[in-house]
Amino acid sequence: MRINGISAVNSYSANGLNRNQNNGVKKNDVQFGALVAQTAADSFGPLVQKNVNRFMEYMRNLTMQAVNKSGDATEKLRQLIGSDAANALIKNPEKYTQALDESVTKLSPLSGLGIRGEKIRNTITDTLGMTPTHKADVPLPAIIGKDAEGEIYLTTGINELLHMMQAKLLSPFEQLHWISSKTSDGDAQVLVEGLQKGLIPTDRPAIFSYTDDVGTAGHLDYSKLMERFGELGENSPVKVISRGYEATKDAAAGKLGTFLPNPDGSFAVYEKPSMETLNELLPNENTVLTNIGKTLFTPKGIQDVQSRIPADGLAQPSSLTKMDKGEPKWHVTEGILKPAGKEGALDVIPKGGDFCDVGNGTDFTDTMVKIATGEMTDIFPESLEKQIRQSVKLAEDGLTAALQYGDKVVTLPTTKGKLAAEAAAKLNTTQG
């Protein structure tokens, strides 16, 4: 196989595949455009774009090496995205990519600093001699592979792309459209601006996913959403399908967004409900479904959002926005999920296992420790989890953990260590 007239082992096309006439396919590039990602300059947008592009390029080159019968590349690809997806991709990259493009659009919001985890992130990047970055782009102690610039580290944002590939919803050859802005204008910005720019078809579903958290068997979040969409059929009134994590009432009350069932079987959205509300609405349940940001918009849902985009954009609040520090921001929960819930057009699929927001300060350290000790499994591809198990060591007192990045060690506080430090500081202040 050849891409753009150059040996596939050595190059790739970011916009499609070009197979020669010996393979029975036209020479001109086949264009795909089913991955839409959004960044903002106020949260390291250019750096994030570069890192995602490096990852996608690496996966394309790895695939083409596998197509050209490299056993090592084939095994590596299978380790990263699973045997089923890898085998289907290698068999015919062009047809595989076209089929995925025609089935679903992928939306990846990659802006937003995550202030609470800034100190942890900066400790990592400073130690490694890297440019500071935001929560979805912070390097984890596992290396996916190498390119001309060096190691390509695993991140939570890249992990979501790997899960989409494992779910057979994303090909590394799909064209990546970037939506760039000066500031982060809300988590629904990728959907709203994607529609405004004509990058999102309205005749097929679109999957949206937060990129700063991790959970058990993340690829199933995507495949289950697509399965439910197929089960509902074209005549279903459902506009939005979400994946809800089964958390205890104690963990959710007053802290997490929840999905609570309506009498008709649909769901309503409650933002940080009290324990009293949870007990009233779920008297016989010990758990509640919480919003993890894995969402599928049906064509009806996409068309509904498009119909509600105001002509003047964010100039003033609208049904798609939420006020944030006095400014309207495009908002998935307030602007899309809650209205769908009120209309009886929101469906939710339960997710078990583990789930963590690793962008929230010392939760990052705690999660790395849980993976290293085997308390959490099936969070990343097994080959990458193995690296984390070898690279992360919890201190005997449990206050810190050492993360090995090549020949450099990053020492980070755990939540236990953070609380101990805060208690000591409070005691010193009182005594002073």
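I took contact to mean heavy atoms within 4.5 Å, and I kept in mind throughout that this is a predicted model.

**Entry 1: the helix over the sheet.** With that cut-off I looked up helix H13 (residues 363–372), which lies across E20, E21 and E22 and runs at about 75° to E21.

**Entry 2: the sheet itself.** I then asked in what order the strands of this sheet come, and found an open sheet of three strands ordered E20-E21-E22, with antiparallel pairing. I noted strand E20 (392–394) and strand E22 (408–413) as the edge strands, since each pairs on one side only. The twist averages 20° from one strand to the next. Looking at E20 and strand E21 (residues 400–405), I found that they run antiparallel and are joined by three bridges; for Val392, I recorded Leu403 as the bridge partner in E21.

Entry 3: I turned next to helix H6 (residues 156–166) and helix H8 (residues 218–232), whose axes come within 8 Å and cross at roughly 50°.

Which residues meet where H6 and H8 are in contact? On the H6 side I listed Glu160, His163, Met164 and Gln166, and these meet Gly218, His219 and Tyr222 in H8.

Methods
Residues numbered from 1 in each chain as written. Predicted model: local features only at pLDDT ≥ 70, side-chain atom pairs only at ≥ 80, totals over all residues. Heavy atoms only, no water. Axes fitted to C-alpha atoms, helices over the stretch in contact; angles between N-to-C directions. Helix = DSSP H or I, 4+ residues; strand = E, 2+ residues; numbered from the N terminus. Pairing = 2+ DSSP bridges.
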